[in-house]
Amino acid sequence: MKKMLLGLTMTALAAGLTQQASAETSLNVVGTWSAVSLHKNFEKPFWTETLPKASDGQIQVQMTTFDQMGIEGSDVFTYLKNGLFNVGMTFSDYVGGEAPALEGLDLPMMTTDPEKAREVSEAFMPIAERAMQSHYKAHVLAIAPNTPQVVFCNTPIKGLGDLQGKKVRASGRTTAEFLSAIGAQSTVMAFNEVPGALERGVIDCAVTGSLSGYNSGWQDVANYLLPLPIGGWDTVITAVSDDTWNSLDDETKRTIESQIVPGFIDPVWNNLAKDEQQGIACLTGHGECEHGKPGDMTLVAVTNADRERAHQALVSAVLPSWASRIDDETISLWNENVAPLVALPIVK
């Protein structure tokens, strides 16, 4: 039944593309999870309101999300390459299996503050563009975060060390490698499968964004929150297919490029610290929650020992493993652009 629905969804969207073929500035856009704040507060308003208004109605957008389409986040860029839609967004760690270079955008514990995370994302752009061109024939329009990827547990923990031996959900390979490095039993599981798995005791803990977890009700199935971003910042790449980009006139390209920084990228990064604080407040009741009724999760204090142990896992396990999966050109770009910002050179 699911395959049938997916086929119908794709057929309908493809038909929409055919009907709009005569309008060069009519775009079909696929965003990330429909329930998360990144989509609701930033992706959707930019593409369906800001951009059409800035173009005086010359750019029109039809937008959905990959979960509403019934496709996996890991398949978004493959469908983009195949022409199912014009613009697609997904999380960099979702596509690491096919494009491992993109995993380096959001390595666990590489950065722990929003300002440095943005610097790294901007420095990473040459790697992202090269990988997207090579694997998906697509042009990168934006790199933006979701919220810090923190730890939710349904069993008592007092710090990072208590994850040892526990079954912990990761959203991607590098987070799974990090968890394994600190002695946890990592498992990769889709975001929407986690609440049920926590409730049934299939897993003990899970890593996701603080505000994303709140918006999806994780506070109802988890009791302890460790606000250490061991899963990075859940960075999202927004890309347009080369076929679409090359078909647009220069004015339309300039409009998109001039609007996407002040209309989308800046607001996401500028709100990141607040979203981080709001996620914690809404999950634990420590502070005012602006998004609804706060949960009552126990807030676990982050210690310097936790930060040091996390950094060592990155240096000794995660970074070398990622380096083994990328080519020499990617390593060269990393060492030139990113490594100086985070003191993480790759030596092979």
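The numbered points below treat the model, its cavities and a helix contact.

1. This is a predicted model, in which local features need pLDDT of at least 70 and side-chain atom pairs count only at pLDDT 80 or more, while totals for chains, interfaces and linings use all residues. Residues are numbered from 1 along each chain as its sequence is written, and side-chain values use heavy atoms, with hydrogens and water left out.

2. The structure holds 2 cavities of 30 Å³ or more. A cavity is a set of points, on a 1 Å grid over the protein atoms alone, where a 1.4 Å probe fits but cannot get out; lining residues have an atom within 4 Å of a point.

3. Helix α5 (residues 114-123) gives the most to the lining, with 3 residues; helices here are DSSP runs (H or I, at least four residues), numbered from the N terminus.

4. The second largest cavity has a volume of about 50 Å³. Its lining includes Trp33, Phe91, Arg169 and Asp234.

5. Helix α5 also packs with helix α11 (residues 250-270), at an angle of about 145 degrees and with the axes 10 Å apart. Axes are lines fitted to C-alpha atoms over the stretch in contact, and angles run from 0 to 180 degrees between N-to-C directions. In this contact (heavy atoms within 4.5 Å), Pro114, Ala117, Arg118 and Ser121 of α5 meet Ile265, Asp266, Trp269 and Asn270 of α11.

How values were computed
1 Å grid on protein atoms, 1.4 Å probe; cavity = no way out; pocket = protein on both sides within 12 Å on 5 of 7 lines; lining within 4 Å. Points joined across faces, edges and corners; volume = space filled by probe spheres on them. Helix = DSSP H or I, 4+ residues; strand = E, 2+ residues; numbered from the N terminus.
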